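Me: Please go through this structure with me, one question at a time.

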Amino acid sequence: PHLPIWAATTTDGAYLKKPFHVIRAGYGETLYGPLNQSATGFTGSLFPQIFPELQISQAPDILHKLWCKVAINAAINPLTALYQCKNGELLNTAERRNTVADLCDEISRVANACDQPLFEQPLFDVVAHVAKQTAGNFSSMHQDILHQRPTEIEQITGFICDEATRH
């Protein structure tokens, strides 16, 4: 507890083309912030200007940003892996849209039980927007399944399930 703990979340996208060859596939924003009291006294930038092409800034409430990120990922990633589809294809049929809507409702109820309000609009609207903005992309979980790699299911959906069980 005496050590400062920081967290970050990003909407940048990248993939490994081959060992030591990373392709930046999406340009977004990286937010970071303190996760515990020991980290809150720091006021400077954690990131020197060695990455000028990255949009990095400190978030006043990183825990909220992490909740928002996991909520969106929990609604998109497992379903794209299950349906073996691109992000935008989650909205193409009524059955898929309804599944996304049901999942967003469950995630929102868990977040509310944890006193973590997510967005000013319904989660489904945010997820639909993200799915449309990244319509041609395959989620990381879809890619992991395709390439027979371990997925982040425990870190994403598992977190939501653990919080649901706790509440």
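The questions and answers below concern a predicted model.

Me: What span does helix H5 reach from its first C-alpha to its last?
Reply: H5 covers residues 153–166, which makes 14 residues. At 1.5 Å a residue, 20 Å is expected, and the value found is close to that. The span of H5 is 18 Å.

Me: At which residue does H5 bend?
Reply: The bend in H5 is about 35°. It is located at Phe159.

Me: Which residues of H5 are buried?
Reply: The cover over the buried residues of H5 includes helix H1 (62–83), helix H2 (94–113) and helix H4 (140–146). The buried residues themselves are Ile156, Gly158, Ile160 and Glu163.

Me: Is Thr80 buried or exposed?
Reply: Thr80 is found in helix H1. Leaving out residues up to four places away in sequence, Thr80 touches Cys85, Lys86, Asn87, Leu90, Ser139 and His142. Its relative accessible area is 0%, so Thr80 is buried.

Me: Which side chain is joined to that of Thr80 by a polar contact?
Reply: The contact has a length of 2.5 Å. The partner is also among the residues that Thr80 touches. It is Ser139.

Me: How many disulfides does the model have?
Reply: A disulfide needs two cysteine sulfur atoms within 2.5 Å. The cysteine sulfur closest to that of Cys114 is in Cys161, 12 Å away, which is too far for a bond. Cys161 is likewise in no disulfide, its nearest cysteine sulfur being that of Cys114. The count is zero.

Me: Is Cys114 buried or exposed?
Reply: The cut-off for buried is under 20% relative accessible area. Cys161, at 43% relative accessibility, counts as partly exposed. Cys114 has 14% relative accessibility, so it counts as buried.

Me: How many bridges join E2 to E3?
Reply: The two strands run antiparallel. Within this pair, Leu16 stands opposite Val22 in E3. The number of bridges joining E2 to E3 is five.

Me: Which residue in the turn between E2 and E3 has a positive phi?
Reply: E2 and E3 form a hairpin, with two residues between them. The phi in question is about 70°. The residue is Phe20.

Me: Is Pro19 buried or exposed?
Reply: Exposed means over 50% relative accessible area. Pro19 has 64% relative accessibility, so it counts as exposed.

Me: How far apart in space are Pro19 and Leu66?
Reply: In sequence, Pro19 and Leu66 are 47 residues apart. From C-alpha to C-alpha, the distance between Pro19 and Leu66 is 29 Å.

How values were computed
Residues numbered from 1 in each chain as written. Predicted model: local features only at pLDDT ≥ 70, side-chain atom pairs only at ≥ 80, totals over all residues. Heavy atoms only, no water. Helix = DSSP H or I, 4+ residues; strand = E, 2+ residues; numbered from the N terminus. Expected span 1.5 Å × (residues − 1). Bend = angle between axes of the 7 residues up to and from the residue. Buried < 20%, exposed > 50% of the residue type's maximum accessible area, 1.4 Å probe, protein only. Contact = heavy atoms within 4.5 Å. Polar contact = N/O pair within 3.5 Å; in protein donor to acceptor, adjacent residues only side chain to side chain. Pairing = 2+ DSSP bridges.
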